Amino acid sequence: MKKYCETNPKLKKPKKIEYKELYGAWGRCNLNKDKLTFHILLKYFPEKHIEHVVYHEMIHTYCLNHNPPFYNEMKKIYPDWQKWDHELKLLLYLLDTNEIYSWYNEFQNQKKKQNNKNTDELIKKKEKFKE
Ligand SMILES: [Zn+2]
């Protein structure tokens, strides 16, 4: 992100960066929360492909829609941005997404369990306090 900010003064690093399961997109841009969200599967892709998605989302911070000005900005660094989009789709076919998602769901369940445990403990503490 830093190198993009250096080449284009309009770009800035968002306050928050989040990774999660997205549907129909590699990234999302939330201006109100100053947050960029990236698909969890991206980390299985080559660095060049990730960078291209990061740049795409960073442009959205000042160019919301996929309109000609947006693609002009995109072409400044990725003149062949279509090729990158296309390759991401191809790479997705090669990934064993089922295995990754089952791992991810397991991870989320563990997190939920941990959270429930924490709330249980909090409730216990409160009850003890009442006694
Ligand atoms: Zn976009």
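A: With 13 C-beta neighbours inside 10 Å, Lys-13 counts as partly exposed (buried means 20 or more other C-beta atoms within 10 Å of a residue's own, exposed means 12 or fewer, and partly exposed is in between, with C-beta atoms placed from the backbone). Do keep in mind that this is a predicted model, where local features need pLDDT of at least 70, side-chain atom pairs count only at pLDDT 80 or more, and totals for chains, interfaces and linings use all residues. Residues are numbered from 1 along each chain as its sequence is written.

Lys-13 sits in the loop between α1 (2-7) and β1; helices (H or I, at least four residues) and strands (E, at least two) are DSSP runs numbered from the N terminus. Leaving aside residues up to four places away in sequence, Lys-13 touches Met-1 and Cys-5, where contact means C-beta atoms, placed from the backbone, within 7 Å. Leu-36 is 23 residues from Lys-13 in sequence, yet their C-alpha atoms are 9.2 Å apart in space.

Leu-36 takes us into the sheet. In β3, Leu-36 stands opposite Ile-17. Strands β1 and β3 (residues 35-39) run parallel and are joined by 5 bridges; two strands pair if DSSP finds at least two bridges between them. The open sheet has 3 strands in the order β1-β3-β2, with mixed pairing. Its edge strands, β1 (16-20) and β2 (27-30), each pair on one side only.

Between β2 and β3 there is another loop residue to look at, Asp-34. Asp-34 has a phi near 50 degrees, a positive value in a residue other than glycine. With 13 other C-beta atoms within 10 Å, Asp-34 is partly exposed.

Leu-36 also belongs to the largest nonpolar core, together with Trp-26, Cys-29, Phe-38 and Val-53. Such a core is a set of buried Ala, Val, Leu, Ile, Met, Phe, Trp, Tyr and Cys residues joined through C-beta atoms within 7 Å. In soluble globular proteins, nonpolar side chains tend to be buried together. Cys-29 touches Leu-36, Glu-57, His-60 and Thr-61, again not counting residues up to four places away in sequence.

Finally, helix α2 (residues 47-60) lies across β2 and β3, at about 25 degrees to β2. That angle is taken between N-to-C directions, on a scale from 0 to 180 degrees, using axes fitted to C-alpha atoms, for helices over the stretch in contact.

Key:
Two residues are in contact if their C-beta atoms, placed from the backbone, lie within 7 Å.
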